[in-house]
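Please look at the structure before reading on.

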Amino acid sequence: MKQYNFCIIFLFAVFHLNGQTASFISSNGGSYKPAPSQCLPSSERAVAEAKTAANVALLQAQGKLPTANEKQIVLFEWPLRQAAGFNYNSYYGISNYVDHNTNVPNQLEDWNCGVRSYDLADGYNHQGIDIFTWPYSWCMMDDNQVEVIAAAAGTIIYKDDGNFDRNCGFGNDPANAIIVQHADGSRAWYWHMKNGSVTSKNVGNTVAAGEYLGVVASSGSSTGPHLHFEVDLGSPSFALIDPYAGPCNSLNTSSWWLSQKPYREPTINTIMTHDAEPIFNACPQPETKNISDCFEGGDLAYFAVYLHDQQINELLEIRIYRPDGTLYVSNSLNSPSTYSASWWWWSYFLPNSSYGTWRFEATTVGQTVTHYFELSENCTPVEIQASALLQGPLSGGLMDTDLYAAGMVPLIDSYGLGESVTSMPSNIVDWVKLELRDPANPAIIMGTRACLLRNDGAIIDPKDGSTSVKFLGITTTSGYVAVRHRNHLGIMTNNAVTF
Ligand SMILES: [Zn+2]
């Protein structure tokens, strides 16, 4: 299998149109599931086990590996999280559990007596949990959106990095990987991470529960970005554990999770607006997301919902609201099947009226996710290059950066405007508000952005890190520019400036 196995099911017939029909254009969607791969070919497993045994012997001789205490109870946190600055409602799906049926091929049984696993004719039964990132796995990997974290505290006893990380199928490339030994001697295997992302800690160093280990990717024998999470009892020899307690777990009776997730957890991962149909390119090319959060009157807009564990006949509803809170259109879908991951979109023409910030909502099984977008007379941004100096921290032409140096400038803006950065650019003094005001009446604010103030006075757009701050929906060709700060007096240009 050399590329992702996409099963896009066309389901026009099952959509129920219960809202306005005038603007409805089309809809589509279906299942998304990465093809299985032999996450740890036997050759790679043998090498990892040999290296681990050598590391353990050395660490024990050096007195650096605590003696396994079987009375210690080790419980796991979820081994993934979103990196700072990303805020999808959820970001993963599960493609495979441990296969407890030791016969092959296609004789499967997971911990809950289902068949969410795989085996191979060569005798391989899947030994871990495959958690894939979703939606847009390759973009998520390129953006470092989903991090692998230590499920429990322990000592690193195996580490590999520097390997190719965009594999699309079976192979003998080694994975970027970590094995952590816990207090009870058990071990967690974290496989397939991004080249160069693996923690700078080394074999023999300890990690805390929840500590960063790397970024989800597709190194090793892998068909797409996912984490293979595997647990074994450790010395004296490998003995597999399935962290899930369930009626068909043949390996252990109790759960190893701090809080075991249900077999299926129907969840809206995120919802998005697009200006064209999203495209899943051939592996390993990043997806063409065609995301747009600004539309002009009369534009065709695509409203997409991305889910994991959507189950058959579950109702999914979408609603699109005008800026005044009135409903523009709604639609719904009864899920035609049960999916590990799925996505659905509806497209509509937007009106030449009701300009402003619109709200798109999706609801399923009692959970609602919200996304805002702009309907504007003009989505071509006005770009403002502005600078400002705060008198207090100013000395010798530069402002001091004590807050930045102390890591105290928050990644999310201080004004509740929903702006954020994934990492703080260098030499930032604080967040400021940049406003464009009406050229005829400067009391009227036409647009507001939360921006980052650099120590040389430059005002930085947090969306792209540039010194040109973008404002959407501005219909005038000039305006007053004002800078405001949470505890300094605001300032405004004497005259309207031309954009
Ligand atoms: Zn796996």
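Two strands pair if DSSP finds at least two bridges between them. Strands (E, at least two residues) are DSSP runs, numbered from the N terminus. The model is a predicted one, in which local features need pLDDT of at least 70 and side-chain atom pairs count only at pLDDT 80 or more, while totals for chains, interfaces and linings use all residues. Residues are numbered from 1 along each chain as its sequence is written.

Q: What makes β12 and β13 a pair?
A: Two bridges join β12 to strand β13 (residues 240–241), and pairing requires at least two. The two strands run antiparallel, and Asp232 has Leu240 in β13 as its bridge partner.

Q: Which strands are joined to β12 by four and by five bridges?
A: Strand β5 (residues 129–133) is joined to β12 by four bridges, and strand β9 (residues 187–193) by five. Both run antiparallel to β12. Ile129 stands opposite Phe229 in β12, and Trp189 has Glu230 as its bridge partner.

Q: Why is strand β12 described as largely enclosed by the rest of the structure?
A: A residue is buried if 20 or more other C-beta atoms, placed from the backbone, lie within 10 Å of its own, exposed if 12 or fewer, and partly exposed in between. Seven of the seven residues of β12 (residues 226–232) are buried, so the strand is largely enclosed.

Q: What makes β3 and β11 edge strands?
A: The open sheet of three strands has the order β3-β6-β11, with antiparallel pairing. Strands β3 (80–82) and β11 (212–215) each pair on one side only. Three bridges join β3 to strand β6 (residues 146–149), and Gln82 stands opposite Val146 in β6.

Q: How do you know that domain 1 touches domain 2?
A: Two residues are in contact if their C-beta atoms, placed from the backbone, lie within 7 Å. By that criterion, 17 residues of domain 1 are in contact with 18 residues of domain 2. The elements giving two or more residues to this side of domain 1 are β14 (267–274), β16 (300–308) and β19 (341–349). The largest share, four residues, comes from β14. The bounds, domain 1 (12–25 + 266–376) and domain 2 (42–241), come from an automatic or database domain assignment.
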